[in-house]
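Here are some notes for a first look at this entry. Please read them alongside the sequence and the coordinates.

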Amino acid sequence: MNDQAEALRHLVSTASPDLAKTTRIITITSGKGGVGKSNFSLNFAMALQKRGYSVLVFDADISFANIDVLLGTPAQYNLIHLLKGEKSIWDIIQTGPNGLQFIAGGSGFKDLVRLSDQEIEYFAQQIGKLNGHVDFIVFDTGAGLSKETVRFITAADETIVVTTPEPTSITDAYALIKMVKSMGHEVTFRLIVNRVADDREGRQTSENMRQVASKYLGIDLPVLGYIPDDTSVSKSVKRQTPLSVAFPDSAAARGIDRIAASFLLERTTQSTRGVSGFLNRIKKLWS
């Protein structure tokens, strides 16, 4: 293990455990782009918040960070300001519609491999402060099979995979799950099927994926729900206003709301490793 990873390990092991609550880490990902992953991440976070939970959305899409654009809230500071020690974690947390907290990513994570030991220590120390600050941190990752995406998937408490009924989307989502499984990582996956014509298409798509995952990967792939194909989504994007704010009664918004309710019911049996556990695993970024 190199000096940078060792420094991060030390910071995590000495972090204060005296916090009233442990923050739960969720990664939201997809096998390919264009399936509505970021829109889902954003509105899923807002649905959790509507139910009384505090949520922070962390834009971890290295190539196409766009959460601030979807929110219509230009970020004054982003991750790169933290990495360079110019701002604290509290400085880069921005506030969007309905008080939703978010961190804009930009190209920040590309710079992790070039940080000095001192910069890494500051980064880990600052991220560690988030534990207990919110109930959930939702990481919106990049799409596809990049190393960065896989690291976030394996570091989080659980991962929600977004697909659509299109064959290419299904194939790429399965390939992502298969790759993570083949690397020996124990990851809790859940599935979302977006842009379904009706519930029948959603059930058929998800059941096919569940059967293949069970037969060939030996894993259960629970389904959190389906989201109808809805023109309100593209309208909200053009307005740069979250769907749940612009069209709260739309079919897609109601679908995401049902998914949030299902998620909260199912998570009661899941253990939470919190921000410290996340940092322990994400240290692979520096190894």
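Which residues are linked in a network of salt bridges?

1. The network consists of R24, E158 and R190. This comes from a predicted model, in which six salt bridges are found.

2. E158 belongs to strand β6 (residues 158-163) and R24 to strand β1 (residues 24-30), so the pair links distant parts of the chain, 134 residues apart. Both E158 and R24 are buried.

3. D257 takes part in a salt bridge with K50, where the closest N and O atoms are 2.9 Å apart. D257 lies in helix α12 (residues 251-266) and K50 in helix α2 (residues 37-50), so this pair ties together parts 207 residues apart in sequence. K50 counts as exposed because its relative accessibility is 59%, and the cut-off for exposed is over 50%.

4. D257 also forms a salt bridge with R51, at 2.7 Å from N to O. With a relative accessible area of 32%, R51 is partly exposed.

5. As for the chain overall, it has 13 helices and eight strands. Of its 287 residues, 51% are buried. Among contacts between residues at least 6 apart in sequence, 81% join residues at least 24 apart. The chain exposes about 12,700 Å², and carbon and sulfur atoms supply 47% of that area.

6. Q211 is placed in helix α9 (residues 199-217) and is partly exposed, at 46% relative accessible area. Its C-alpha atom is 8.6 Å from that of L221, 10 residues away along the chain.

Notes
Residues numbered from 1 in each chain as written. Predicted model: local features only at pLDDT ≥ 70, side-chain atom pairs only at ≥ 80, totals over all residues. Heavy atoms only, no water. Helix = DSSP H or I, 4+ residues; strand = E, 2+ residues; numbered from the N terminus. Buried < 20%, exposed > 50% of the residue type's maximum accessible area, 1.4 Å probe, protein only. Contact = heavy atoms within 4.5 Å. Areas by Shrake-Rupley, 256 points an atom, 1.4 Å probe, with all protein chains shown as cover. Salt bridge = Lys/Arg side-chain N within 4 Å of Asp/Glu carboxyl O.
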